[in-house]
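Colleague: I'd like to go through this model with you. Can you put it on screen first?

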Amino acid sequence: MASEQYSHGHHASVVGAHAVRTAADSAAYLLPYLEPGMALLDVGCGPGSITADLANLVDPGPVTGLDQSEDVVAQARKLAAARGLDNAEFAAGNVYDLDFPDAAFDVVHAHQVLQHLADPVAALREMRRVTRPGGIVAVRDADFHGMSWYPELPELSEWMDTYQRIARGNAAQPNAGRRLVSWILEAGFTEFVPSASNWLYATPERRAWFGDGWAQRVLHSAFAAQALDRELTDQAGLARMAGGWRRWSQSPDGWFLIPSGEIIAWA
């Protein structure tokens with residue numbers, strides 16, 4: 001993972017968006033399988049908001065949040081301390097080489113992680129290695145080409161094309177959601193349950209938050225740096241896409257749907 005480039009980066013606009021995610025809106029498919037006392041590993045935990053919710057649900061079971069960024073790991077530790085969680089710890093690490101013994105966890109969870117990896121199958125095999133026999137590997141990933149929006153602004157189509165090119169330039173798979181079953185099978189799992197769920201931005205408040213966030217990301221995050229470095233667009237193009245996001249967010253009939261594939265697989 002250290003040799004791969006994260007398409008989103010860790011600008012405040014990105015980490016801030018990740019920090020509002022909850023287990024309820026991002027891991028609902030997993031929650032029925034959780035029980036108090038389970039040991040859980042959250043791979044790609046980011047600033048820790050989902051991890052903290054999961055820690056509450058399996059308490060007193062130990063929870064470990066893992067991320068490649070030391071900075072976001074530090075944010076996750078602060079969140080856990082603020083919530084008074086004594087069963088959660090966080091560390092920097094590599095999903096391809098998890099620093100844990102075989103069969104160390106009852107549940108290994110990864111939210112929106114596989115889409116950013118050059119070898120998601122290898123990551124799944126490593127996640128399976130540290131899961132006890134009969135334990136659960138749970139993954140959820142968006143499908144960018146499955147996203148839909150209205151009004152159908154050309155600036156958002158330009159954004160999608162640019163994002164796809166950035167991600168594929170990083171050897172990543174932005175349409176990961178539809179590939180999860182394929183990857184799970186290739187990783188050697190034989191028992192699993194696939195499902196799907198959506199995030200919807202169609203109210204004034206959610207449109208304003210989502211549209212402004214992506215406008216900021218287009219202008220200031222790794223999206224901007226990678227697009228410019230690879231000559232996928234120029235500053236005028238970035239400004240155009242950001243303006244499109246703001247125009248969409250102000251549309252009273254605006255709609256943006258993000259589908260994600262998800263799988264519960266048994267080790």
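Salt bridges and the pocket

Modeller: One to begin with: Glu158 and Arg240 form a salt bridge, with their closest N and O atoms 2.7 Å apart. A salt bridge here is a side-chain nitrogen of Lys or Arg within 4 Å of a carboxyl oxygen of Asp or Glu. This is a predicted model, in which local features need pLDDT of at least 70 and side-chain atom pairs count only at pLDDT 80 or more, while totals for chains, interfaces and linings use all residues. Residues are numbered from 1 along each chain as its sequence is written, and side-chain values use heavy atoms, with hydrogens and water left out.

Colleague: Where do Glu158 and Arg240 sit in the chain?

Modeller: Glu158 is in helix H6 and Arg240 in helix H10 (residues 235–249), so the pair links distant parts of the chain, 82 residues apart. Helices are DSSP runs of H or I with at least four residues, strands are runs of E with at least two, and both are numbered from the N terminus.

Colleague: What does the Asp143 and Arg178 pair tie together?

Modeller: Asp143 lies in the loop between strands S5 (131–142) and S6 (148–150), and Arg178 in the loop between helices H6 (154–169) and H7 (180–186), so the pair ties together parts 35 residues apart in sequence. Asp143 is buried at 7%, whereas Arg178 is exposed at 53%.

Colleague: Changing topic: how much space lies in the largest pocket?

Modeller: About 810 Å³. Of the 44 residues lining that pocket, the closest to its centre are Tyr6, His8, His18, Arg21 and Gln112. On a 1 Å grid over the protein atoms alone, a pocket is an open set of points where a 1.4 Å probe fits, with protein on both sides within 12 Å along at least five of seven lines; lining residues have an atom within 4 Å of a point. The volume is the space filled by probe spheres set on the points, which are joined across faces, edges and corners.

Colleague: Which element gives the most to the lining?

Modeller: H8, with six residues.

Note on methods. Buried means under 20% relative accessible area, exposed over 50%, partly exposed in between (1.4 Å probe, protein chains only).
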